[in-house]
Amino acid sequence: MAETYQLFIDGKWRDGGDGETMAAVNPYNQEVWAHVPVASAGDVEEAIAAARRAFDTTWSKTSPGERARLLNKVADLLDADADRMALLETTDNGKVIRETQNQMGYAARIFRYYAAWADKMHGDVVPLDQKDTLDLAIREPYGVVACVTAWNSPVAILTNTLPAALAAGNCVILKPSEHASVTTLEVAKLCDKAGFPAGVVQVVTGAGDTGAALTGSKGIDKISFTGSPAVGRMISAAAGANLKPVTMELGGKSPNIVFDDADFDRALIGALAGIFGATGQTCIAGSRLLVQRGVYDRMVEGLAARAAQIRMGDPRLPETEMGTAANEPQFNKILSFIEAAKGDGARLAAGGKRADGPGLEKGFFIEPTIFADVRNDMKVAAEEIFGPVLSIIPFDEEEEAVQIANDTPYGLASGVWSQDINRCMRMMRAIKSGVVWVNTYRVAAPQAPFGGMKDSGFGRVRGEAGILEFMQTKTVFIDFSGDKRDPFSMKF
Ligand code: NAD
């Protein structure tokens, strides 16, 4: 029987105020497998008020050591529950179990990583020209943080922000995507079990309206958003009207660049990982493969042959390599991009339609699709698809590769494949993206800062940068000169 979930507000589990719910649909068989509440504007306001109360009365007085203990406890609970959590996430968004399992372990590591930061945000004693004045630069949390997320990897995405924001001393209200809300509610259960005080971690589920009620509220002190540039713009505008700071983790159209001198087999695997890992439904997808002429035909043929062998099927089975599109609108969007590429004259080298075959009948499956001889101005190469559709673009010279790589509004990730260290260094400098992978692709670590340039966003998650994102600096001047100063001129 489909489980019915509840909102988590002020330490209590309860239905949405208007009694409305959304169906969680399993994209593998299109069955409704859970019901998720829709938070009303009133629920959102209650959550914001509870977060403020929790921050003022309890959480801002909680020691860093205690914050670390609670975060470590969540990590332990997540590890203990990883298999079930992975299965829930796979059921919700069709991502293969081998990756969701991997992501749960990674999420627990991020909780531990930020637990360790909680008592190390010690600020600075700043040397001044005024030698009889001591200056302390103190780091403080913002207070109430809203964290709105996308559907493709709900737990991994929320762990980009939740542990860091909590370690910094903030209260957090999570708003997951309406297309995959369940595991965010499950993480809140773990936080509840770990013993976080009421109002410190809360979840309001719902669609864009719920997100807008949250991020448009003057009661929020800081917003962290992971999603599309279109919604990012709306949230930035609302936050701007309220003068609230935002972190934006947005989309990408990342170039993965293979030079003639690359280790060919490794580059081919990297290209495959870049676009067919996570069914291409990942912000860092290497969706534009730029290949130098000397290895171009071999790469197109090699990738097409390997793509045709990708095992699609029940995403819950460990042998499945590629799962479904995560939901019906996304499925239709991907197919429409495939048709646009055909219409624009790109050469179809693999896939190109809905996948069928035994076990695939009811799922939102799309064949691993490769277009060769793509021009960078074709729609398939210019816009984010968020699906298993690769555009292969040939190039001759290094400068041309840089020009094509940067000829996009996005700047999230990129890959460079070459055995010439000097070239790798030049490329690493020349590409305008927040992440550059050299002779690898789709690698992440709790310690390594991550985020975009250009339309891919601003601000960083993970690493020290990730916790600084949730803190503001207070400067304290302490004058021990004993001087009677001129009151009509500022002291510099
Ligand atoms: P989306 O922008 O449609 O939705 C993201 C979230 O915003 C959802 O929770 C949604 O309900 C909410 N939302 C919608 N309208 C809103 C509004 N007006 N105000 C406030 N909230 C609102 O994105 P999506 O389809 O869920 O996710 C796909 C996008 O996310 C892609 O562009 C992908 O690249 C990006 N993404 C980026 C990262 C990253 O770390 N940079 C990670 C994952 C996904």
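Predicted model: local features only at pLDDT ≥ 70, side-chain atom pairs only at ≥ 80, totals over all residues.

How much space lies in the second largest cavity? About 50 Å³ lies in the second largest cavity, where a cavity is a set of points, on a 1 Å grid over the protein atoms alone, at which a 1.4 Å probe fits but cannot get out, and where a volume is the space filled by probe spheres set on the points, the grid points being joined across faces, edges and corners. Of the 14 residues that line the second largest cavity, Pro255, Thr408, Tyr410, Gly411 and Ala413 are the closest to its centre, a lining residue being one with an atom within 4 Å of a point.

Residues are numbered from 1 along each chain as its sequence is written, and side-chain values use heavy atoms, with hydrogens and water left out.

The lining of the second largest cavity divides into six nonpolar, five polar and three charged residues, with Ala, Val, Leu, Ile, Met, Phe, Trp, Tyr, Cys and Pro counted as nonpolar, Asp, Glu, Lys and Arg as charged, and the others, Gly among them, as polar. The count comes to four cavities of 30 Å³ or more, and the largest cavity has a volume of about 70 Å³. Among the residues that line the largest cavity are Lys253, Cys283, Glu384 and Phe386, and its lining divides into five nonpolar, five polar and two charged residues.

Now to the domains. The assignment, whose bounds come from an automatic or database source, gives domain 1 (3–250 + 452–475) and domain 2 (255–438). Their C-alpha centres lie 31 Å apart, and 26 residues of domain 1 are in contact, meaning heavy atoms within 4.5 Å, with 38 residues of domain 2.

Which domains supply the lining of the second largest pocket? At least three residues come from each of domain 1 and domain 2; a pocket here is an open set of points with protein on both sides within 12 Å along at least five of seven lines. The second largest pocket holds about 180 Å³ of space, and its lining includes Ala23, Gln30, Asp92, His179, Glu328 and Phe364. The largest share of that lining, three residues, comes from β4, while β4 (21–26) and α11 (328–343) each supply at least two; helices (H or I, at least four residues) and strands (E, at least two) are DSSP runs numbered from the N terminus. By class, the pocket lining divides into six nonpolar, three polar and three charged residues.
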